[in-house]
2 protein chains.
Amino acid sequence: MSVTFPQGFSAAGVNAAISSNADKPDLALVVNNGPLSAAAGVFTSNRFCAAPVVWSRAAVADGTLVSVVLNSGGANACTGEAGYEQSRATARTMSSLLDVRPDEVAVCSTGLIGELLPIEHVQEGVRKAFSVLDDGPEAGLDAARAIMTTDTAIKTVASEGSGYRIGGMVKGSGMIAPQLATMLCVITTDAVVGAGQLQAALSGGVDTSFNRIDVDGCMSTNDTVLLLASGASGVEPDPDEFNALISHVCGQLARKIIGDGEGASHDVRVTVTGASDEDAALACARAIASSNLLKCAIAGNDPNWGRVVSSLGTVPQSVAPYDPNRVTVDINGVRICDGGKPGVDRSNVDMTPREVHIDVDLHVAHESATIWTDDLTHEYVHINADYES
Amino acid sequence: MSVTFPQGFSAAGVNAAISSNADKPDLALVVNNGPLSAAAGVFTSNRFCAAPVVWSRAAVADGTLVSVVLNSGGANACTGEAGYEQSRATARTMSSLLDVRPDEVAVCSTGLIGELLPIEHVQEGVRKAFSVLDDGPEAGLDAARAIMTTDTAIKTVASEGSGYRIGGMVKGSGMIAPQLATMLCVITTDAVVGAGQLQAALSGGVDTSFNRIDVDGCMSTNDTVLLLASGASGVEPDPDEFNALISHVCGQLARKIIGDGEGASHDVRVTVTGASDEDAALACARAIASSNLLKCAIAGNDPNWGRVVSSLGTVPQSVAPYDPNRVTVDINGVRICDGGKPGVDRSNVDMTPREVHIDVDLHVAHESATIWTDDLTHEYVHINADYES
């Protein structure tokens, strides 16, 4: 259902000949038809952030966006002033079609770093997509399809609150972590919500979703998550319900990224419980989820708890106090390490399900955190040794 | 030439049926025949350190060791009190043969985490190896061979100072980083050096060698580096020369680990120059060297500088101040990124040599640091998906 699920939004996805793959749609538009044009954004913290991130961060700073232009086929990152001019030109093309200011248009790009875009193709694509803008479900799916790169599936979400709706689309498969991901995400709602509340809801939602997935520990230059509100439902939501729904939607989209992680054969949930505080639990979960050795073992259906604890053991005592001799590790529900020593024999662990659950209890206090990751497979190497991105 | 290159040392390597590979020698001895028995050690900082690490750290604390017993085929890590008793029993078997105290014998183990050793095989192996101890070059190579696991080559070193010698052996191939490595290393010298000077030389040498290699970002539970001095040359070395030689020997052994990194097809040298201080340079070099995406690109002979700068961009400004618009990246001598933008076309970079040099200049000041790593290949995944370690 994607971004057109709420009232007040139209979208399009077209082939603009930006991507080297001639058959792939590669330009998407999302337009907020109002009456509101409230918006919020979260962006990569990478210091080599891309030109469209620089442009869009400034554009959304006043809490207003009317439209988003997204392209795959080129990241427009590390392209200097010329790259920035391309993002501005893209926004201007769209803004003149809509008869709004350029800074009411955000721009998102994804693809190879270090090359300029074929800007005439982008601008022509904007005009082409504008001519087919539609508020139906197919248009939302077309937009979601046009932002895919190594993604193997369209990733969208739809959710309903009390009298209002939330929809969203995301792309992302590799270069995922540790803050955000190589991902572009647009979430829409027809609720009546101001920019301040939108930003609070989005920041909170991102923190416990997109910031807690890790495909390969690699932070992107282009990450962008935008939340647009049209107010077309006429419903002012209960703030707690709205925040919870935005978090839920972010969580579902993040989970879809993990489910489509480059080359992955397992989705891995690492949960650390019994920690002194949430930051400690998170540091431990991140350390475990980023272990190449563990991720290879899981690819080989090996419940290798030695690689769990050797990763856990790299977290300093000052960050996460615990006694190694009290730690337990369950893999898919089997207590395979008990008190820092071997527990139930590893042959009892069923590693055939797509989802693998690693549950570590530090036995210190009661705080917990979860990180989702993927296994590390031959296919991941193949994709990233052969794909220039 | 290995550990028997200096005077005053004998060694042995035998098949003690510890490893699941029936044909592989798996138990090594190194004996210091004196007149000195000075020793120093550096150990893993992993909080789940193995039983032999606990034993050996205490044994070397007084600056004295007469012998080291090393086994492959089992790490004796996460094995609780029973594992510690195995390390002690191993030391006792050797100490009774030598007629010394048990705490004059260090113990090192490598292999699968979370299983006890077949201790009778270890003890019988100690007696068997003791009976064939020899101070010739072959005995040193036998010892180096017996500690190999996924290593594909024996790793030894020999170096001469002014009237004294230094020799060494190391094993290590995967689970390498960020502090030390899944490595066991014994370095010997016949120089007349006290324990304090030995420890200073070893700590300094390790810091700029074994602590600056990264195969897969995974810290081991068993890392041990020992330096033994027999004093048999009768020569008291110049301290500066001795420190420099120990650093040189550590560097050579570390380089051999990278040259034999699991599945590697390229050895990658990441050097960051122009930094405000060495720690800043090191943080940047580590960030680049740990990028799975970059390591996959190198496996595919792709000089992907976008993945260099996107990794560099994750280092916070507070850790390494620099302006992304001034950064240059050379790959194998070609300035492929100039001032944060594309430089010379990537097609000019020759990626066929085994060694790949990535040189990043931050253009802030004049400090620098180097990290060595390997590329990430199908073979790495194969080894670690299928090998229980």
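This briefing describes a structure with chains A and B, one topic at a time. The model is predicted, with an ipTM of 0.77 and a pTM of 0.82. In chain A the pLDDT averages 91, and 96% of the residues score at least 70. Where pLDDT is low, predicted coordinates should not be read in detail.

**How the two copies are related**

**Where the chains meet**

- The contact between the chains involves 50 residues of chain B and 50 residues of chain A.
- On the side of chain B that touches chain A, at least two residues each are supplied by α8 (292-299), α9 (305-312), β14 (341-342) and α10 (378-386) of chain B.
- Of the elements, α9(B) gives the most to this side of chain B, namely 6 residues.
- Sorted by class, the side of chain B that touches chain A holds 21 nonpolar, 22 polar and 7 charged residues.
- The copies meet through the same surface, because 100% of the interface residues of chain B are also interface residues in chain A.

**The two domains of chain A**

- Chain A is divided into domain 1, which covers residues 2-259, and domain 2, which covers residues 267-386.
- A distance of 33 Å separates the C-alpha centres of domain 1 and domain 2 of chain A.
- Domain 1 of chain A brings 11 residues to the contact between them, and domain 2 of chain A brings 11 residues.
- On the side of domain 1 of chain A that touches domain 2 of chain A, the elements giving two or more residues are β9 (213-214) and α6 (239-259) of chain A.
- The largest share of that side of domain 1 comes from α6(A), with 3 residues.
- By class, that side of domain 1 of chain A has 4 nonpolar, 4 polar and 3 charged residues.

**Helix α3 of chain A**

- Helix α3 of chain A runs over residues 119-130 and has 12 residues.
- From its first C-alpha to its last, α3(A) reaches 16 Å, close to the 16 Å expected at 1.5 Å a residue.
- The buried residues in α3(A) are H121(A), V122(A), Q123(A), G125(A), V126(A) and A129(A).
- The cover over the buried residues of α3(A) includes the strands β1 (9-14), β2 (27-32) and β4 (67-71), together with helix α2 (80-98), of chain A.

Note on methods
Residues numbered from 1 in each chain as written. Chains lettered and ligands numbered in written order. Predicted model: local features only at pLDDT ≥ 70, side-chain atom pairs only at ≥ 80, totals over all residues. Helix = DSSP H or I, 4+ residues; strand = E, 2+ residues; numbered from the N terminus. Expected span 1.5 Å × (residues − 1). Buried ≥ 20, exposed ≤ 12 C-beta atoms within 10 Å, placed from the backbone. Contact = placed C-beta atoms within 7 Å. Nonpolar A, V, L, I, M, F, W, Y, C, P; charged D, E, K, R; others polar. Domains from an automatic or database assignment. pLDDT = per-residue confidence, 0-100.
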